[in-house]
Amino acid sequence: EDILRQRKILKLKYDQIGNLPTFKTSAARSDPLWKIASLPRRLLKRHLDLGDVSPADTERFSECLRQDVDGIQTDFDDGHCPTWHNQLQGWYNIYRHVQWPAWSGSYPSSGKEAS
């Protein structure tokens, strides 16, 4: 309760002065020459992705892997209904696709990667 009370007081303070809190700035952030590494080639073209695909839904997961898209985001969080069975089934389906791409219809000639 004490932490919540302190947070409310701090929020009121920021609301009254109209500013946001300041944070420490790292040396890298203040260095104008600092840059991130180049993106890997396979991440440069991401125009169409399928998102929130539960790998535990074998039929839907396989269908997504056969689509003409640039990427698929598999989802192991609450939308995936993370029961013990779904977690194991999801990892098994991903493993099966990586080890045997023909299982999902995603062949190297289709331009999709199995990794």
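Lysine 11 and aspartate 15 sit four residues apart in helix α1, so about one helical turn separates them. Helices here are DSSP runs of H or I with at least four residues, strands are E runs of at least two, and both are numbered from the N terminus. Keep in mind that this is a predicted model, where local features need pLDDT of at least 70, side-chain atom pairs count only at pLDDT 80 or more, and totals for chains, interfaces and linings use all residues. Residues are numbered from 1 along each chain as its sequence is written, and side-chain values use heavy atoms, leaving out hydrogens and water.

The structure holds five salt bridges (a side-chain nitrogen of Lys or Arg within 4 Å of a carboxyl oxygen of Asp or Glu). Among them are these:

| Pair | Closest N to O |
|---|---|
| Arginine 5 and aspartate 2 | 2.6 Å |
| Lysine 11 and aspartate 15 | 2.7 Å |

Arginine 5 is partly exposed at 47% relative accessible area, and aspartate 2 is partly exposed at 42%. For these labels, buried means under 20% relative accessible area, exposed over 50%, and partly exposed in between (1.4 Å probe, protein chains only).

Now for helix α4 (residues 58-65): its buried residues are Phe61, Ser62, Cys64 and Leu65. Looking down the axis of α4, they fall within an arc of 160 degrees, so they line one face of the helix (the arc uses directions from the helix axis to the C-beta atoms). Those buried residues pack against β1 (49-53), β2 (71-74) and α5 (84-99), with contact meaning heavy atoms within 4.5 Å.
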